[in-house]
Amino acid sequence: MTGHGNQSTLQGGVALEEDDERRIAELERRLREAESNLRRSNGKLRLALDMGRFGSWERDLASDEIVANAVCKEHLGLGPDEGLTFERLRRLQHPADVDRIEKAIAYALATRTDYHVEHRVLRPDGRIGRILVKGRAFYEGDKPVRMVGITQDLSERERIREEAQQAQRRQEFLLKLNDQLRSFQDPSDIMEATAQNLGRLLKVDSVGYGEYDKTRDLVMVEREWSRGMISNEGRSHRFHDLPSWVVDDLERGRTLVIADVKGDPRLSDPPIQAFYATMNVRTMVTVPLLNQGQLKALLYISSSTPYGWSDEDVALIEDVAKRTWIAIEKARAEIGLRETQARFEIIAESLPALVWILRSDLNLTYTNQRWVAYSGLPAEQALGHSWMNAIHPDDLAKILEDVKGLIRTHSTYETEARYKSTDGIYRWHLIRAAPLHNAKGDFTGWVGTSIDIHDIKETEKALRISEERLSLAQRAAGIGVFDWDVPSGKVTWTREQERLFGVEEGSFKGDFAAWEEKVVPEDLGLTNKLIQEALGRRDPEVNLIYRMRRPDGTIRTIDTIALFFYDPDGKPLRMVGVNIDVTRYKQAEQRQHLLIRELHHRVKNTLATVQAIVGSTARTASNIEEFYQGFVGRIVSLARTHNILTEDYWQKAPLEELIQTELGPYDDETRKRITIQGPSVELPSEAAVPIGMAVHELTTNAAKHGALSTFGGKVEVTWSVEEKEKGKRVLLFNWVEQGGPRVTEPTRQGFGTRLLQRVLTTQLNADVNMDYSESGLRFHMVMPIPEQTALFNPAG
């Protein structure tokens, strides 16, 4: 048993050893895995630190030794091989941040939490950096023995943030400056605002704006901001006193940037150093402003201490300079414009004419007060297209047609037109217009004057009428003028005198005997006797009546009135007089009596027609406006017909002219809307008046309710003449409307319907038919044409 027991004990010991070996092998495997995981973790940590530019550090709290990687040292401004202790770290921390750092660490140790703090570091090269430090403490029991952590350089972030803030400040500065510059109208205020705002923003000693006068080689400074004060005394500097390379750069438009006058090799010459020392300038920026390649102005900034100007600083100064230049030029242009406008208005208001400016779209944009007074319009209504309502329609049509060519040629223009004054009277004006162009040379309209020449026109008209009357009187009454030079016997005749005596123009011999040949022999002796007796008595004038035989054998009676002119001794020199053919006076007197009788007849007929129009229009009108429109239209139509009749001495009127007078204004440019077709028909006066009014009523109805009231509507008027027995003629007249609104038969009979159906029937024995077809009104008339009997012979 003992043997068995010993064997059992031995086997148990062997099994225990094998179990320990397995546990050791398992522990070794786990250790290897842990070491492998640690290496991978350390690799990831290093990769993360490298990618994020994080620095790592470890501090032994017992010895205060610090182990840091190269990135951490870089954050502190140290080289990768430089040693780092806690005391040195304390010296690198910004004094103002030390207390905050220590409190953060103490709180983390007391609460066994991580800590992180941002603070500044004073790097050995003098630069100030900003870092973020995060750390954690490790303990043995309750005692912290070491701390580990990371650092992150925040300097770049702070720089970007600072640059963004600075950019925002500059943008806000530019916006504020723009608002200020827009609010100023005086260039000096613009210079002052620029200098003051830019000086305060950049914290420099002085800012100035100067303009360059090339002829005098002077830069004249009107406004300068210097150490918080604005100087407006004005001073000047000779431009070529500056170094030649400075002058060259500025004239080429290059911005001059000097960080430190004393350290700039370009300014090393003693005289130049003395020049800037005299002005107490160590740093400066000067921006040249050019116009069409020529230096016009300078914006300069200077200070008594060196300054490292960044690209952003220079760009800002250049931007401000350009804005200032534009604002100043704009202000000066506006001042010049106001001054020019003021001078223009003074001249315009002092001229004895209407002065105006008209755009190319025919909008009136300016006029002097004289137009307001003349037109009677309020000032706010005197512009725009008001001028069109003041010009006589006939003259306006001509002007509008002329303007089409003027817009193409941009040429000057001169014409005459009638302007309606505030009292409704048209007065003639001489219009003269010159083309206007803007700064780019584009045509914009006209400036012009309208001078009242009505009195001159009336005088010219009166003179012309007088001359025409004299000429007509001479021709109509057979008046001739002669001039007899008594000593030489030479006689001069006018053309009317030759025509009066039936002599071919220019064929009169020019002597007294040639006149005697024309006088009827029975009257010649007495006529010469009366002339000699008047000369013997030295009478100033003589009146003679004698008969004269024309070459065609007709006898004319001549009435002569002549003046005599004598020398100081009483000898006759000249006999000047007129010969009047009085043969026609009795014929004229007879025609006058006939005309008076005819006038009485026509007036009574016309008054009766007007009376009928008034009564009929009043019965059909629903209100005073409708009565007025209907009555005026019919009276105008009656007047047009009378005008046509008076052209033929109230004897006849062409049918086509009556129709064209009414329908012509409704035709379009294509001449396809109105169709008028038929043979030439002369209507006697008793037929012309009612037919003319009938055409007017048809036209008015078409314009208000029928084919002419809509786009595309058409009116076709046709007629023909049929010969009947015994030479009688019949007029077949048709009026057809198409393309208008749907037609319905009227519920009540108005003046037009009664005129068409009753007056034409009763007065002219016409057969009238009106068809109210839905497609358009159709009017058909068959009328016998009355015969015309001449009332008198105007040729007499």
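Student: How are helix 6 and helix 9 oriented relative to each other, roughly parallel or roughly antiparallel?

Tutor: Two packed helices are described by the angle between their axes and the distance between the axes. In this predicted model, where local features need pLDDT of at least 70, side-chain atom pairs count only at pLDDT 80 or more, and totals for chains, interfaces and linings use all residues, the axes of helix 6 (residues 187-202) and helix 9 (residues 311-350) come within 9 Å and cross at roughly 165°. Residues are numbered from 1 along each chain as its sequence is written, and side-chain values use heavy atoms, with hydrogens and water left out. Helix 6 and helix 9 are therefore roughly antiparallel. Angles under 35 degrees count as roughly parallel, over 145 as roughly antiparallel, 65 to 115 as roughly perpendicular and the rest as oblique. Axes are lines fitted to C-alpha atoms, for helices over the stretch in contact, and angles run from 0 to 180 degrees between N-to-C directions. Helices (H or I, at least four residues) and strands (E, at least two) are DSSP runs, numbered from the N terminus.

Student: Which residues of helix 6 and helix 9 meet?

Tutor: Contact means heavy atoms within 4.5 Å. From helix 6, the residues include I190, M191 and L198, and their partners in helix 9 include L316, V320 and I328. The residues of this contact between helix 6 and helix 9 divide into 13 nonpolar, two polar and two charged (Ala, Val, Leu, Ile, Met, Phe, Trp, Tyr, Cys and Pro count as nonpolar, Asp, Glu, Lys and Arg as charged, and the others, Gly among them, as polar).

Student: At what angle do helix 19 and helix 20 pack?

Tutor: Helix 19 (residues 655-663) and helix 20 (residues 685-704) pack at about 30°, with axes 9 Å apart. That makes helix 19 roughly parallel to helix 20. Among the residues in contact are L658 and I659 of helix 19, and I691 and V695 of helix 20.

Student: Which residues of helix 7 are buried?

Tutor: An α-helix has 3.6 residues a turn, so residues three or four places apart point the same way. In helix 7 (residues 244-251), V246, V247, D249 and L250 are buried, meaning under 20% relative accessible area, with exposed over 50% and partly exposed in between (1.4 Å probe, protein chains only). These four cover an arc of only 165° around the axis, which puts them on the same side of helix 7; the arc is that of the directions from the helix axis to the C-beta atoms. The buried residues of helix 7 pack against strand 10 (256-258), strand 11 (283-291) and strand 12 (294-303).
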